[in-house]
Amino acid sequence: MTELQPLTQLPETDAFLPSVQEMQFWLNKAVAWGQADSSDTGKDTCRHLSRLEDFLQQLLAQINTMSSSTEILKKVPSLGQFLGRLCWNPYVTAGETSRELLLQCLWGLYSENPSDAVERKANQWIRKVLCQLVTEEDDVTAQALMKHMGVPAKEYQAKVLKKMVMKVQENIEKSHCSQNGIDNRSSCDSVLASSEVLVPLITCPEASPLIGALLRHPATSISEDFLDALSSAHSRCGLPLEEQVLISLWCHRLPSLEEAVLGLLQSVTATGSAPQNVEQQVTKSLLPKACAQHCSIFLVVNDIFRSILKQAERNQCVRSAVQTFSRCFLREYSLLQPETSAALKDFFPQSPPGVLVPLLTTPSEMPQEALKNHLKWLSSSMQRLTEEEEEGDAGSTSTRGHRKVFEAWFLLVQCAHWVQVALQLLVTSGPEDCGPLLWLLTFYHHPTNRWHHRAVQLVQAKEAWDHLDTLYSVPSCPLHVDRLQPLITLLSSQTQQPSTAPSLTLNLLVVDQSGLRDEAVCVLSSLHLILKEGSCFAGDGVHLRIKELQNTITQMEAEPSTHTHTPQ
């Protein structure tokens, strides 16, 4: 390939502008070559190809000395028509030198920051031309190429694409090298232009390395059109992206991140999704890893969860999804090097600082004998927050207290390992320790209830727990439905009140009255999965009781008439 002269050595003068006669001569040739498809036309093109390359070299030199595309198009009005006709000529584009000169002329005409309608229209046209050059089309051009040049269309298009990618890659690499120099502004403009050129090439495998290279640059230097096209190709056309490329896309484009989060929630909360499958889906989505690596991504994801839970605080499937996501996030965060990751407290700026670290601490980090006191302290801290909220309600219309209580509850939902530990401790606790644990579990299930409702629910919860404690005092496996009758009767008499289930077990016991069998199965399966991963209380007795409750649901479904009650 003939080496091009360095553009910086070319004098900036109009002396290199083609004369009107010379421009007209080559334009007439381009028109004639495009209107006829014969051997004579092909011979004429090949005969003039060397001179044409010299002319294109001259045009390229002049294009690079102009301050804008508008300026060169004013001086050479027919330039766009001329280059466009050559792009559809297979004899011109098949030659390596002539093809490279054409691409460089188009690149030179592309405006990094279009300032008027002429430059914007030129940019659109250039993108269309580039897209056409690298798209497989069974058109007249390809047929003529195969017939007269003996070059398969796919090979021709591959060579064109390879040459384009090489030029763009060189441009991106030069821009990256000058990020810390005085040409930073010029580098950003160059990256922006490169991203614009790549828009029609998004789905081409050859362009994959360029996508990752571009996304390493700041979002302000990347074209919105490029980010939109990449996001659309990934989400709608299934374009595969490497892990870090996808995470970088989420960092650069908020709608793409929001779409991924909502899509994941819709998928994992679908009816019949087993907790094991949910955890696999959450992990496979890469969102927990992205959140661990980028605090900004976590804050967006957390805001989405926060908004959904405000509207569906009683939806157990949504809660389970948030809990699973939080568990996966914390696992990914623990794998990062401390010096390269943000402090964990930075991920929860809205959480009450007094309960943040105690809730984020996992049970495995504490001695088993300290767990009960830790939970009692958490319960009293949460209770104090709700009391401050209610005191504030009496003397002010401020919503500050409401936000603080909600954020504390939201964090408790995310750190549901403490809820599970509270349930496990409740089984082995004496009457003097049940109060704080039941209060915490009641708050977990009913965060928006005021003190009078919560007091009533605590009485009901204590009564239900006494029944349940008696129920389990005599071992029986499997647990028969009839033995649950006193508890079902207790709960079914409160149909005018909100659901009184303050714990996992009580949630299960109102299944028959509220049609929540699927949610109860989800809860039990989730608990079983958590215990399998490791727990201070994951003994055979706990697993046995989970199995008994699962058998109870199976019996309820098999014998609906045995335990159907008419609401009072």
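Analyst: Of the 568 residues in the protein, 48% are buried. Buried means under 20% relative accessible area, exposed means over 50%, and partly exposed is in between (1.4 Å probe, protein chains only). Before we zoom in, note that this is a predicted model, where local features need pLDDT of at least 70, side-chain atom pairs count only at pLDDT 80 or more, and totals for chains, interfaces and linings use all residues. Residues are numbered from 1 along each chain as its sequence is written, and side-chain values use heavy atoms, leaving out hydrogens and water.

The protein has 29 helices and 0 strands; both are DSSP runs numbered from the N terminus, with helices (H or I) needing at least four residues and strands (E) at least two. Contact here means heavy atoms within 4.5 Å. Take the contacts between residues at least 6 apart in sequence: 70% of them join residues at least 24 apart.

Now for the close look, at helix α17 and what meets it. Helix α17 covers residues 295-311, and Phe298 is in it. Phe298 is buried, with a relative accessible area of 3%.

What does the ring of Phe298 pair with? One partner is Phe347, in an edge-to-face aromatic pair with 5.4 Å centre to centre and 80° between the planes. For the rule, rings of Phe, Tyr and Trp (its six-membered ring) pair if their centres lie within 6.5 Å; planes under 30 degrees apart count as stacked, over 60 as edge-to-face and the rest as tilted. Phe347 sits in the loop between α18 (316-334) and α19 (353-360), so this pair ties together parts that are 49 residues apart in sequence. Like Phe298, Phe347 is buried.

Phe298 also pairs with Phe348, again edge-to-face, at 5.2 Å centre to centre and 70° between the planes. Here too the link is between distant parts of the chain: Phe298 in helix α17 and Phe348 in the loop between α18 and α19, 50 residues apart. Phe348 counts as buried, at 6% relative accessibility.

Val301 is buried, at 1% relative accessibility. Leaving out residues up to four places away in sequence, Val301 touches Leu257, Val261, Cys291 and Phe325. Check Cys291 on your screen: from Val301 it is 10 residues away in sequence and 7.9 Å away in space, C-alpha to C-alpha.

Lys310 lies over the face of Phe406, 5.2 Å from the ring centre. Arg319 does something along those lines, with its charged end over the ring of Tyr444, 4.7 Å from the centre. To count, NZ of Lys or CZ of Arg must be within 6 Å of the ring centre and within 35 degrees of the ring normal.

What about charges meeting charges? Side chains of opposite charge can pair when their charged atoms come close. A salt bridge is a side-chain nitrogen of Lys or Arg within 4 Å of a carboxyl oxygen of Asp or Glu, and the whole structure has 10 of them. One is between Glu279 and Arg327, whose closest N and O atoms are 3.2 Å apart. Glu279 lies in helix α15 (residues 275-284) and Arg327 in helix α18, so the bridge ties together parts that are 48 residues apart in sequence. Glu279 is buried, at 11% relative accessible area, while Arg327 counts as partly exposed at 21%.

Another is the bridge of Lys289 with Glu243 (3.0 Å, N to O). Lys289 is in helix α16 (residues 287-293) and Glu243 in helix α13 (residues 243-252), so parts 46 residues apart in sequence are tied together. Both ends are partly exposed: Lys289 at 23% and Glu243 at 37%.
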